[in-house]
Amino acid sequence: MFVKKEIMNRVRTRIAPSPTGDPHVGTAYIALFNRCFSHKNKGDFILRIEDTDQLRSTKESEKGILDSLRWLGLSWDEGPDKPGEYGPYRQSERAEIYSKHSDILLKTGRAFHCFCSQERLNVLRQNQMQDKIQVGYDGHCLNLSKKEVQDKLDLGEDHVIRMKIPETGECTFNDLLRGEIRIEWSQVDMQVLIKSDGLPTYHFANVVDDHLMAISHVIRGEEWINSVPKHLLLYEYFEWTPPIFCHMPLLRNPDKSKLSKRKNPTSIGYYKAMGYLPEAVTNYLGMMGWSMPSGEEKFTAEEMISNFDISRVSLGGPIFDVEKLSWLNGKYLREEVSDKEFIERFVSWIAGDEKLSSITPLIKERVEKFSDVVELSSFFVSAELKITKDRFSHKKLDIDTSVKILQFTLWRLEDLRSWTTDEIRLELQSISDAMDLKIREFLFPLFVAITGNPISVSVIESISILGIDMVRMRLRTAIDILGGISKKKQKVFDKEYRELP
């Protein structure tokens, strides 16, 4: 499979999210800069789904990613829903392509079969960490004879395919933003290319797909810098011309730590549910490490593209500050939205995604007049609930138990693959039983955390309607109101949680 000559000199960038969780603002941030760079240069922006992790990848997550990027206005030129000449655009549909290319590496002696068990690899890693030496594969299967390899394959032994790495020297490459970077080959592991299930790892599929899809510039987060040597070596092994690499600075929390859902809402769905305007969110992401030549803070996506110059990206970690985003969103509401449009967009937000139709059955049986609706349902559309520690007082639950319930619920819901009322009810009942609590007692702190009141509409159905983004935020807020969890207590809770049935 070859790249057409007429497209080889065309700028083509891509975003390649993994559908294994919530659509992340970091994904949108990288997508925005890839789209701006390619469209500024009259090129193409491609969306590729990297779903080779069959255990964690879900169609729901893929749909969430696509819907969220569309909501932000970050459209793409080719992708799963916009077939082009270089598809398919889901890695799970390209297995034959990866198999063909791994065979090439095996035949040329640049890759090898590894039959090491996970138990052996775990022991190896533990010993290396204990001896404080570089953690990585030790080449145990590197020198197996062809007959030994074939005998093991004939017996059907589990195996992976690894790439060979130079033992000495260093890899030198140029980054579009950072200049020359040098990494010792001794720091690079013999990367697994094909897993035991026959599917490729990120690193192998990434290189094969980028070449076959004629990607000219790989613009991604700086956490991938240490992977460049592996990728460049694969380009060399296949005798392909590598793309230009550009590693963007990571988004940071206000305390300068890496942006994570533990400290900041990171899901695009959260900001949509909170009533932010998509154009304001996209504008704010454009301010992350980049600025307009005029210094203007409010600009459209089209204005960003027309003024885009990637050399203006600052390598200092951009701070994703929700308060600053709210300020910018307010400017959009006041300066760009007419009164009529304000009403239309507010109604669309409050009634969108079938939220209103989901809420109605819960409150209809509990009201006597329409004015009752606001008090009973306001928690569905409120940013933060006005609750105090006293609200959690319960004659059978102490504060420590309430915090434990909230934390265990948060952990369980974050791992939930199917977000339905029945699944949520099943999981909460499971934790309640494991903690030897009556379900009414168990649900009490959840009622307060989620609805703001100890008595309200069904908290389980409310959790289902609100979604994981809003629920996560409210559970964490409630835990903080109750005093938070110390590192010592966190370890105790984590041990107890892991021991739950």
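Which helices each supply at least two residues of the lining of the second largest pocket? They are helix H11 (322-335), H15, H18 and helix H19 (487-498).

## Basis of the report

This is a predicted model, in which local features need pLDDT of at least 70 and side-chain atom pairs count only at pLDDT 80 or more, while totals for chains, interfaces and linings use all residues. Residues are numbered from 1 along each chain as its sequence is written, and side-chain values use heavy atoms, with hydrogens and water left out.

Helices (H or I, at least four residues) and strands (E, at least two) are DSSP runs, numbered from the N terminus.

## The second largest pocket

A pocket is found on a 1 Å grid over the protein atoms alone, as an open set of points with protein on both sides within 12 Å along at least five of seven lines. A cavity, on that grid, is a set of points where a 1.4 Å probe fits but cannot get out. Lining residues have an atom within 4 Å of a point. Grid points are joined across faces, edges and corners, and a volume is the space filled by probe spheres set on the points.

The second largest pocket holds about 760 Å³ of space. Its lining has 29 residues, and Lys261, Arg262, Lys263, Arg476 and Asp480 lie nearest the centre. H18 gives the largest share of this lining, 7 residues. By class, the lining has 11 nonpolar residues (Ala, Val, Leu, Ile, Met, Phe, Trp, Tyr, Cys and Pro), 9 charged ones (Asp, Glu, Lys and Arg) and 9 polar ones (the others, Gly among them).

## The cavity

The structure holds 1 cavity of 30 Å³ or more. About 50 Å³ of space lies in the largest cavity. Its lining consists of Ala383, Glu384, Leu385, Ile387, Ala449, Met473, Arg474 and Thr477. Of these, 5 are nonpolar, 1 is polar and 2 are charged. Helix H18 (residues 459-481) provides the largest share of the lining, 3 residues.

Helix H15 (residues 399-414) has 16 residues. From its first C-alpha to its last it reaches 23 Å, close to the 22 Å expected at 1.5 Å a residue; the expected span is 1.5 Å times one less than the number of residues. Buried means under 20% relative accessible area, exposed over 50%, and partly exposed in between (1.4 Å probe, protein chains only). In H15, 13 of the 16 residues are buried, so the helix is largely enclosed by the rest of the structure.

Leu500 is found in the segment after H19 and counts as buried at 16% relative accessibility. Contact means heavy atoms within 4.5 Å. Leaving aside neighbours within four places in sequence, Leu500 is in contact with Phe408, Arg412, Ile431 and Ala434. Leu500 and Ile424 are 76 residues apart in sequence and 17 Å apart in space, C-alpha to C-alpha.

## Cysteines and His113

How many disulfides does the structure hold? The number is 0, where a disulfide is a pair of cysteine sulfur atoms within 2.5 Å. The closest cysteine sulfur to that of Cys114 is in Cys116, and the 3.9 Å between them is too far for a bond. For Cys171 the closest cysteine sulfur is in Cys246, at 17 Å, again too far for a bond. Cys114 is buried, with a relative accessible area of 1%, and Cys171 is buried at 6%.

His113 lies in strand S3 (residues 111-114). This histidine is buried, with a relative accessible area of 15%. Leaving aside neighbours within four places in sequence, His113 is in contact with Leu106, Cys141, Val149, Leu153, His159, Val160 and Ile161.

A cis peptide bond, with omega about 0°, joins Gly87 and Pro88. Pro88 is in the loop between helix H2 (59-71) and helix H3 (95-107).

Ala214 is not a glycine, yet has a positive phi of about 60°. Its place is the loop between helix H6 (202-212) and strand S8 (217-221). Asp436, also not a glycine, has a positive phi of about 60° and is found in the loop between helix H16 (421-434) and helix H17 (439-451). Are these residues buried or exposed? Ala214 counts as buried at 10% relative accessibility, whereas Asp436 is exposed, with a relative accessible area of 74%.
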